[in-house]
Amino acid sequence: MIKDIKTLGIYIHIPFCIAKCEYCDFLSFADFKQQDKYIDYLIREIINCSIDSSLYLVETVFIGGGTPSSIDSAYIVRIMEALKKRFTLSETAEITIECNPGTVDKDKLCDYKAVGINRISFGLQSADNDELKMLGRIHTYEEFLKSYNTALECGFDNINIDVMSGLMYQSVDKYEKTLKKVCELAPSHISAYSLIVEEGTPLEKKLDILEEKGICPLPDENTERKMYHVTKDILSKYGYRRYEISNYAKEGFECRHNMSYWERVDYRGFGLGAASLIDDSRYTNVRDFDSYYDMLDKGEEPFCEYEILTKKDAMSEFMFLGLRKCDGIKKSEFFQKFGVEYDEVYGNVSEKYKKINMLIDTKDTVCLTDEGMDVSNVIMADYLPD
Ligand code: SF4
């Protein structure tokens with residue numbers, strides 16, 4: 001019998017960083033004591049996972065963190081070799097590694113290239129050194145440029161640059177300068193996020209102290225809104241198409257790995273805290289080293305949460321993830337996946353937002369308008385199960 005081969009995305013979590021940034025609440029540690037042991041166990045998790053790899057073709061791999069480029073490239077090579085041994089990687093797979101400026105050199109980048117990595121994502125955040133310092137980033141803009149140019153020299157032609165708006169003491173002008181400097185470099189992809197002040201971070205504490213003194217260094221709502229619009233305008237002038245709320249790409253360079261999340265393609269995450277979605281079941285890995293090692297020692301998969309999504313949950317997820325994409329969702333795909341018409345389930349939500357020009361609903365497509373994208377959280381809440 002011929003098996004149906006499905007697409008799989010793989011995420012690898014490397015939880016180490018040279019220093020913690022002020023705003024960071026990602027699962028990462030500024031301590032490398034565990035790195036040797038962690039990589040051994042990570043490889044063990046990959047090799048021993050219960051996935052029937054004969055059912056899947058891996059189309060995307062994303063090595064994220066933390067800062068994957070902060071550890072020796074030999075570790076990354078070992079991880080890639082384990083993946084190739086355990087899974088079938090498509091010849092055209094998109095394989096990304098997140099790099100922080102100043103943590104890569106020519107040897108490292110060439111090692112990545114040699115092992116099949118073909119996409120680099122640089123966490124620049126700002127081209128202003130004062131802003132970088134305030135964020136607690138370890139690099140300067142000049143160090144970023146050096147890393148970026150080295151990646152080009154090593155033959156990487158698919159490079160993402162992350163930028164951030166809404167930073168402390170940031171004016172629209174300053175933000176525009178960062179955007180323009182980045183666009184002049186002509187990377188294939190730009191992710192533009194606004195700063196979120198997460199609970200319990202050093203940034204939150206700092207802001208609380210300033211607030212007590214009556215100082216609010218964050219841009220006000222009006223300025224933030226301007227920054228949001230400036231992002232769309234400038235990036236489109238430089239030939240970047242917005243394809244998701246915060247992501248812009250040159251034609252054909254949309255991040256396939258992230259697209260697969262928004263399209264709910266099966267993915268398996270390996271490493272501390274990594275999440276997986278397989279056949280509408282969601283798994284989350286434990287978040288501390290000891291539990292991770294213990295469970296793998298016992299021959300178990302290191303999951304701490306496991307949830308089988310109901311059809312209602314899966315439909316809702318399909319909608320609120322799909323509507324993040326500017327092209328939205330296809331009603332025919334909705335029917336194919338869930339055996340029920342979109343109009344029957346969400347026709348009323350469409351009507352509500354169509355009337356106020358927030359959403360476009362045609363024969364086969366549902367997507368948000370620019371105005372709808374601006375308030376996407378509100379609209380998406382209407383797609384959540386009751
Ligand atoms: S580099 Fe990224 S993961 Fe590491 S501390 Fe900074 S924001 Fe967090």
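**Figure 1. Two domains in the protein chain.** The domain assignment gives domain 1 (6-262) and domain 2 (312-381). Their bounds come from an automatic or database domain assignment. The centres of domain 1 and domain 2, taken over C-alpha atoms, lie 28 Å apart. Six residues of domain 1 are in contact with seven residues of domain 2. Two residues are in contact if their C-beta atoms, placed from the backbone, lie within 7 Å. On the side of domain 1 that touches domain 2, strand S7 (241-244) and helix H9 (256-262) are the elements that give two or more residues. S7 supplies the largest share of that side, three residues.

This is a predicted model: local features need pLDDT of at least 70, side-chain atom pairs count only at pLDDT 80 or more, and totals for chains, interfaces and linings use all residues. Residues are numbered from 1 along each chain as its sequence is written.

**Figure 2. The whole protein chain.** The protein chain holds 15 helices and 15 strands. Helices (H or I, at least four residues) and strands (E, at least two) are DSSP runs, numbered from the N terminus. The radius of gyration is 21 Å, close to the 21 Å that the globule rule gives for 386 residues, so the chain is as compact as a globular protein of that length. This radius is taken over C-alpha atoms, and the globule rule is 2.2 Å times the number of residues to the power 0.38. Of the 386 residues, 35% count as buried. A residue is buried if 20 or more other C-beta atoms lie within 10 Å of its own, exposed if 12 or fewer, and partly exposed in between; C-beta atoms are placed from the backbone. Among contacts between residues at least 6 apart in sequence, 71% join residues at least 24 apart.

Figure 3. The buried residues of H5 are Phe-144, Ser-147, Tyr-148 and Ala-151. Seen down the axis of H5, they fall within an arc of 100°, so they line one face of the helix. The arc is that of the directions from the helix axis to the C-beta atoms. An α-helix has 3.6 residues a turn, so residues three or four places apart point the same way. The face of H5 turned away from the buried side carries the exposed residues Glu-142, Asn-149 and Glu-153. Packing partners of the buried residues include strand S3 (89-99), helix H3 (106-114) and helix H6 (172-185). After H5 comes Gly-155, with a positive phi near 95°.

**Figure 4. Nonpolar cores.** The largest nonpolar core has 63 residues. A nonpolar core is a set of buried Ala, Val, Leu, Ile, Met, Phe, Trp, Tyr and Cys residues joined through C-beta atoms within 7 Å. Ile-10, Val-61, Phe-122, Val-163 and Ile-190 have the most contacts inside this largest core. Another core, of 12 residues, lies apart from it, with Tyr-353, Leu-359, Val-366 and Ile-379 among them.

Figure 5. A cis peptide bond joins Gly-65 and Gly-66, with omega about 20°. Gly-66 lies in the loop between strand S2 (56-65) and helix H2 (73-86). Arg-264 is not a glycine, but its phi is positive, near 60°. Arg-264 sits in the loop between H9 and strand S9 (267-270). Asp-280, also not a glycine, has a positive phi of about 65°. Asp-280 lies in the loop between strand S10 (275-278) and strand S11 (281-285). With 16 C-beta neighbours inside 10 Å, Asp-280 counts as partly exposed.
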